[in-house]
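Work through the exercises below with the sequence and the model side by side, and try each task before you read its solution.

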Amino acid sequence: MANSKKSAAQKKDNKLTILLIIGFIIIAGFVALYFLNSSSNKAKLANNPYGKNDLEQSTIDILNDKNYQNIILPNELEKKISSGKETMVYFFKSDCTHCKKITPILMPLAKDMGVQIDQFNLLEFDQGWDQYSIEGTPTLVYYKDGKEQLRVVGEQSKDTFKKFFEATILKNK
């Protein structure tokens with residue numbers, strides 16, 4: 001009987017040891033993933049166009065996306081609009097589902113039509129919501145002479161954006 005109690009206690013100790021080892025491996029895996037992700041993010045943040053290193057993960061994820069390379073900072077945008085210069089601004093959030101659908105349509109279309117678009121990330125610079133009266137993303141706004149001229153809001157068709165560009169191009173000829 002003493003052997004069976006010792007054997008049961010030994011089995012219990014073995015199970016506990018195995019659980020501890022598995023727990024340690026899982027924790028070590030999470031720690032390793034954290035450091036890998038952290039070092040990957042640090043590399044991506046080097047020379048980012050936002051002028052800060054405390055970016056949201058969804059913004060870090062699009063830093064190398066060819067469709068998000070015309071980022072404009074708040075001060076630059078304010079100066080550009082107030083100068084009276086014609087300015088086309090795409091207000092987006094890097095975590096916006098609709099923006100993720102529209103940007104790959106909008107940016108190549110703008111390039112094909114010779115339209116320069118500045119991109120303002122409202123997730124990183126949330127003062128833009130009030131400053132530019134943005135109610136939802138994506139929002140595309142055309143400014144001229146320091147004032148808003150045209151605006152299109154939401155997930156629209158390629159044809160809608162094409163007509164928007166044509167309207168602003170025709171106004172300038």
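**Exercise 1.** Decide whether phenylalanine 91 is buried or exposed.

*Solution.* Phenylalanine 91 has a relative accessible area of 0%, and buried means under 20% with a 1.4 Å probe, protein chains only, so phenylalanine 91 is buried. Tyrosine 132, with a relative accessible area of 8%, is buried as well. The model is a predicted one, in which local features need pLDDT of at least 70, side-chain atom pairs count only at pLDDT 80 or more, and totals for chains, interfaces and linings use all residues. Residues are numbered from 1 along each chain as its sequence is written, and side-chain values use heavy atoms, with hydrogens and water left out.

**Exercise 2.** Classify the ring pair of tyrosine 50 and phenylalanine 125.

*Solution.* Begin with the search of the whole structure, which finds nine aromatic pairs (ring centres of Phe, Tyr or Trp, the latter by its six-membered ring, within 6.5 Å; planes under 30 degrees apart are stacked, over 60 edge-to-face, the rest tilted). For tyrosine 50 and phenylalanine 125 the centres are 6.0 Å apart and the planes stand at 25°, so this pair is stacked. Both tyrosine 50 and phenylalanine 125 are buried. Next, the rings of phenylalanine 91 and tyrosine 132 have centres 5.3 Å apart and planes at 35°, so that pair is tilted. Finally, one aromatic cluster is formed by Tyr50, Phe91, Phe120, Phe125, Tyr132 and Tyr143.

Technical notes
Buried means under 20% relative accessible area, exposed over 50%, partly exposed in between (1.4 Å probe, protein chains only).
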